[in-house]
Amino acid sequence: MAPTPLSTAEDVMTRQVVTVAPSTPVFEAIELLLEHSISAAPVVDDAGSVLGVLTENDCLKLIAAATYDDQGREEMLQAGRHMSTVPAVAPDVEIYQVVDMFRDAELWCVVVVDEEQLVGVISRRDLIRGLKAMESEFLAMLHRERRDPRTPSSFFGATRHDASEVASRLNR
């Protein structure tokens, strides 16, 4: 199959990444999430290496824990204490591998790293935006697959023969 216009992580990733330090107060991190309309922010050290990701869900868990467990101490309210781990991929990873990662796990985002340095983030929205950008190529591929009787229908999960058999059973 010919490569699509969006074939790697680098093609869909967000390059202008909002990050927080491990010592960033959680409420400051929440303000950044809201201000930039994002659901997660990578937590990076001084060298730019990714330590984890602070998600909206992490913030909700912290607020619930502080409310019920009386954990109001300042060090408990730092982003680095409440971050989640997320997979990291290289910029040249096939986009379909990234899609599989999101499909198989409940991820907020995937970080893109090059030589241990953060270079981007991929969210579900980035993947959907990429899919929309390649709509005509995707539809053309599906159309070609349906018209070529030698090609099994991997996207639809059944061959033409299987579909005919199902149709004949329904008509009985």
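Figure 1. Cys 59 is buried, its relative accessible area being 4%. Cys 109 is likewise buried, with a relative accessible area of 3%. Both assignments follow because the values lie under the 20% limit for a buried residue. A disulfide is a covalent bond that links the sulfur atoms of two cysteines. In this predicted model, a search of the whole structure returns zero disulfides.

Figure 2. Strand 1 spans residues 40-44, and five of its five residues are buried, so the strand is largely enclosed by the rest of the structure. In a regular strand, side chains alternate between the two faces of the sheet. Here, Ala 40, Pro 42 and Val 44 point one way from strand 1, while Ala 41 and Val 43 point the other way. The residues of both sets are buried.

**Figure 3. The hairpin of strand 1 and strand 2.** Strand 2 comprises residues 50-55 and runs antiparallel to strand 1, to which five bridges join it. Val 44 is placed opposite Val 50 of strand 2. Five residues lie between the strands of this hairpin, in which Gly 48 adopts a positive phi near 90 degrees.

Figure 4. Three strands form an open sheet with mixed pairing, in the order 3-4-5. Strand 3 and strand 5 are the edge strands, each pairing on one side only. Strands of a sheet pair through backbone hydrogen bonds, in either a parallel or an antiparallel manner. Strand 4 (residues 109-114) and strand 5 run antiparallel and are joined by six bridges. Within this pairing, Asp 114 has Gln 117 of strand 5 as its bridge partner.

**Figure 5. The largest pocket and its lining.** The largest pocket holds about 450 Å³ of space. It is lined by 18 residues, of which Ser 37, Ile 38, Ser 39, Ser 123 and Asp 126 are the closest to its centre. At least two lining residues are supplied by each of strand 1, strand 5 (117-123) and helix 5 (124-133). Helix 5 provides the largest share of the lining, four residues.

**Figure 6. Confidence along the protein chain.** The mean pLDDT of the protein chain is 79, and 74% of the residues score at least 70. Confidence is highest in strand 3 (residues 88-89), at a mean of 96, and lowest in helix 7 (residues 160-170), at 42. The pLDDT is below 50 over residues 152-172, a stretch with 17 contacts in the model beyond near neighbours in sequence. Where pLDDT is low, the predicted coordinates should not be read in detail.

Note on methods:
Residues numbered from 1 in each chain as written. Predicted model: local features only at pLDDT ≥ 70, side-chain atom pairs only at ≥ 80, totals over all residues. Heavy atoms only, no water. Disulfide = S-S within 2.5 Å. Buried < 20%, exposed > 50% of the residue type's maximum accessible area, 1.4 Å probe, protein only. Pairing = 2+ DSSP bridges. pLDDT = per-residue confidence, 0-100. Contact = heavy atoms within 4.5 Å. 1 Å grid on protein atoms, 1.4 Å probe; cavity = no way out; pocket = protein on both sides within 12 Å on 5 of 7 lines; lining within 4 Å. Points joined across faces, edges and corners; volume = space filled by probe spheres on them.
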